[in-house]
Every structure is written in structure tokens, then in C-alpha cells.
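Dear colleague,

I am handing over the structure below, and I would be grateful if you could look through it before reading my notes, which follow it.

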Number of protein chains: 2
Amino acid sequence: MSNSPPIEQADRLLDAFITPMTETRVPIPTLERLAIYLRVLLDALEAGIQTLSSQEMEQHSGISAAQFRKDLSYFGEFGKPGVGYSVPALIQCIEKILRLDKEQPILLVGAGNIGSALVGYPNFQAHRLRIAAVFDNNFVKIGRPFGDLIIEDIARVKEVNASIGARLGIIAVPASAAQEVADLLVEAGVRGILNFAPTILRVPPHVHVRNVSIVQELAVLSYHVAEETV
Amino acid sequence: MSNSPPIEQADRLLDAFITPMTETRVPIPTLERLAIYLRVLLDALEAGIQTLSSQEMEQHSGISAAQFRKDLSYFGEFGKPGVGYSVPALIQCIEKILRLDKEQPILLVGAGNIGSALVGYPNFQAHRLRIAAVFDNNFVKIGRPFGDLIIEDIARVKEVNASIGARLGIIAVPASAAQEVADLLVEAGVRGILNFAPTILRVPPHVHVRNVSIVQELAVLSYHVAEETV
DNA sequence: GCGGGACTGTGAACGGTTTCACAGTGTGTG
DNA sequence: CACACACTGTGAAACCGTTCACAGTCCCGC
């Protein structure tokens, strides 16, 4: 897998994440930024850039150079003083940290509009995120094709995931059904849920939930655009 | 418009937002939570609940009672000691704070999968968010119907918005076109942009941008689901 | 092989949010 | 009318994340 010039550095880097450094919890904002760095790095790679300094990262990502270095310091040492960061090596490191180095199967629940947008989403592939199965509770939809997949009965989610082994799930159903779906996903072994439904999900402590709320985002913007008028 | 029991209180509350209290900037996390409170309150209203304490809000929203009270304190005093908060009155207040009390027209750019999901999104209506026009640059799509609307040429966005007067825009186009679209939106008078494209947009300081990145969300979850395995 | 320049990694200072704890206030009851 | 109760609103403390600034390291040229 990739014999980029600085082999030994790459190996050193790839091992780094194994040691979770100290016992320090990694701040969630840091994880979110990691994904941004990765995007910039992938663009840089495409542009043929081999090396990047934290200064240059600041220009491309809008995140301060100090922040970038601090974020990486939670996981190890990835740069060379006087030079910067090897683009391909750092990509591999961040991918490994975020577990995007191996394909991540994902269960999608809800074969509606949002679900359609997700299965057709082109950016998943670059990050090895793959929607491995689609579920719905509408018997009219069950059995129909959906992208490359066939819509399955949500009642069978545990059964289906026994062979897939996905740890991530996406809930794209109406709010009224979301909690029920969450319970089924958890029972099927899912540990991380991306929730598009406007509800607070109750899940066991070992399950992580992230909510995507378009209305919430627009509400914050709505406040800001008016603020400046007053 | 609603003559709920505590009329005089409602009026007192509605005036409160006019005074931006002190010069204190409202924290963005507070604004984000405001939208969550609003959702809980609307659910409560539907369930016929007239009064809510900060304790009950904590149970329904997952946000601590102290946080809830502190958040509201940025805008005024909305509760009655010993009783709690009037649900209908507080709904009106938060709507007014977030400028969701009057219809907010929104320009949508990108008539693809995400765009489809957005025009069909049922939750917008409850918050008086309305997609007032849809644009694309693909001449095959221009002129076609899209939900209740007709897809217009992105080149005409300024012209079209002269009559709509929207201050909010949504970018749902590929990353390669996002910056160009952002520039056009800003020129058309948009002050707040919700960006679905995986790029950092450069905009003038008076324009607010919020990014929605599904990949980023999944990346954070991906980290967490693996973390607990080690 | 040595010196200068460039850039990283990180402890310490800073600033902003969240949490705490309690004083203040309205309500209902006897 | 007075007391007990319930709950709010808010200064102060605690916590966390960001920013700063510099010591340490590496590379390159001479």
C-alpha cells in the first residue's frame, strides 16, 4: 500500500496512534477539525503537493497554524521541524486516527429524500465510507432497488447486520419513528448513530449520537442575518 | 395571533428581545440550543402542556436546567419563579429571538439530490422557513419544475432576489462550484449561507457561513466507535 | 562539520462556556 | 395575612479549549 518516499517516517507515524498519548481525552472539536485537515490534504495531494507547513494549512483550512499543530499533538508527532508535514504520510495518519483507513460499512435507515441524497453522495467513497444496506418500514418500498442496493425491512436489521458487522448507522426517518429505529440499530450492534430526525435520541452510554439539524443551522443563521440589520 | 391566557406576560416577553440586554455577545452554542428548546416547546404545545420548568426541559432536551436558564438570561426574563415557563409565550419569544416569527425566504442553489431532499423537507414549514427559489447552472435542468418551483439560472440569482429579498442561501452544489456560487449569493444580498459543499468558503466579514459536512460527522463517529474497542 | 534559518511541539496564559449555589420572587395554603 | 414551597435569575467558581511564545530539532548551504 503506497511506497511514498519517506517510508520509515510513514511507519513511525502509523504506529503513533496506537499509543493514545496520555490518558487525555481528545476534544471533539479536534476530531471535527481532523476531517477538515484531511480534506485539505487530499486536495493538496491531488495538486501534487508533497509537503505542507502548518502555515499553509492555515491558509487553506482557515484554522490557525497553532491549532493545527496542537490538534495533531494529541496523537503524536507527525511533522519535521524546518520542513513541515509530508502530505501522503499525514493523510495516512489522519485516516488511521479516524479509522477511515479501512472500509467502514454503514447502515442507512429511511429510503426517503435524505436517504436518496446519501446513497448518491460522491464524497463517501474517498473516505472509505460505504452504505452497506438500506432499510425502511414501508412495505411498498421494501424489495425495491435503491442505488445499488435493495431496500430491506427494518425489522430484519439485526439479522442483516450479523453478516455486515456495521458499527455506524444513519437515521433518516421522520421524528416519530426515530427512537424506535435507534433502539433497533443499537440492538443490531451499532455504536455510532448519525441522526437526521429532529428528536433527542435516548441511547445507552456506549453509543455515540451526532445530530444533523438543518433547521437548527438555519435558525442560527437567521438570528445572525437579522442581528446586523438592527 | 394567539390569545393564550397570560397575555400581558406574552407582551412583556415579546418586548424583551428588543433590548439586546447588555453589549454581551450571545455565544453561538446558546443559539444552537435555542433551536432545540423551541423544538421541545412545540412538542409540548402539541401535547397540550401549558407550563414547563427548567427541570422538565432538562429531561426532554438533555440540556441541563442551569444551562437552559442561563441561555435564556442572555435575552431577558421569561419564567415565573415557583411556576416555570409558559409554553406558548416562550415559543413566541424564542421565535422572535431567532427571527423565526416571520417567514424567512431562502435561496437554494443546486437542484441535485440534496436540493431535492431540502425542498421536500417537512420541518421547514413549522419554523416559517421557506425555500423561495431554486437555482442551478445546468441548462438541462433550468426551466424544469422542482417541487413547487421552477429551476432558474444561477446567473440570474441577483435579479431574482431583487424581488424576493432573501437574506439566507443554501449551497448544495459540488465543491468545485461552491465558491463561485457563494460569490453570486453574496452579490445578490445574501448574508447567511448554509454550505453543504466540502469546501471552505471565502466570504466578506458581514456574511455568516455554517457548514454541514456529513463526512465530517461520520468521521467523528468512526473514531468513537473504534475507540471503545481498543 | 558548523552555523543560520525554518518550522515543529508544547507548557503556560488566556478567554469563553458551563456548572454551581444561593438570593430573590411569586404562588398557594392555612 | 404570614409562612412554606417551588422555581427562576445570576454572580462566582470550575472547566475546557484556544492562543501564545519559545525551546528544541532538523535541514541546507558553505
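In which sense do strand E4 and strand E6 of chain A pair, and over how many bridges? Strand E4 (residues 129-136) and strand E6 (residues 149-153) of chain A pair in the parallel sense over 3 bridges, where pairing requires that DSSP finds at least two bridges between two strands, and strands (E, at least two residues) and helices (H or I, at least four) are DSSP runs numbered from the N terminus. Within this pair, A:Phe135 stands opposite A:Glu152 of E6(A).

This is a predicted model, in which local features need pLDDT of at least 70 and side-chain atom pairs count only at pLDDT 80 or more, while totals for chains, interfaces and linings use all residues. Residues are numbered from 1 along each chain as its sequence is written, chains are lettered from A and ligands numbered from 1 in the order in which they are written, and side-chain values use heavy atoms, with hydrogens and water left out.

In chain A, an open sheet of 7 strands with mixed pairing has the order E5-E6-E4-E3-E7-E8-E9; its edge strands, E5 (145-146) and E9 (208-211), each pair on one side only. Helix H8 (residues 157-164) of chain A packs on this sheet, touching E3 (104-109), E4 and E6 (contact means heavy atoms within 4.5 Å), and its direction makes about 160° with that of E4(A); axes are lines fitted to C-alpha atoms, for helices over the stretch in contact, with angles from 0 to 180 degrees between N-to-C directions.

Helix H9 (residues 175-187) of chain A lies across E3, E7 (168-171) and E8 (192-195), running at about 165° to E7(A).

Best regards
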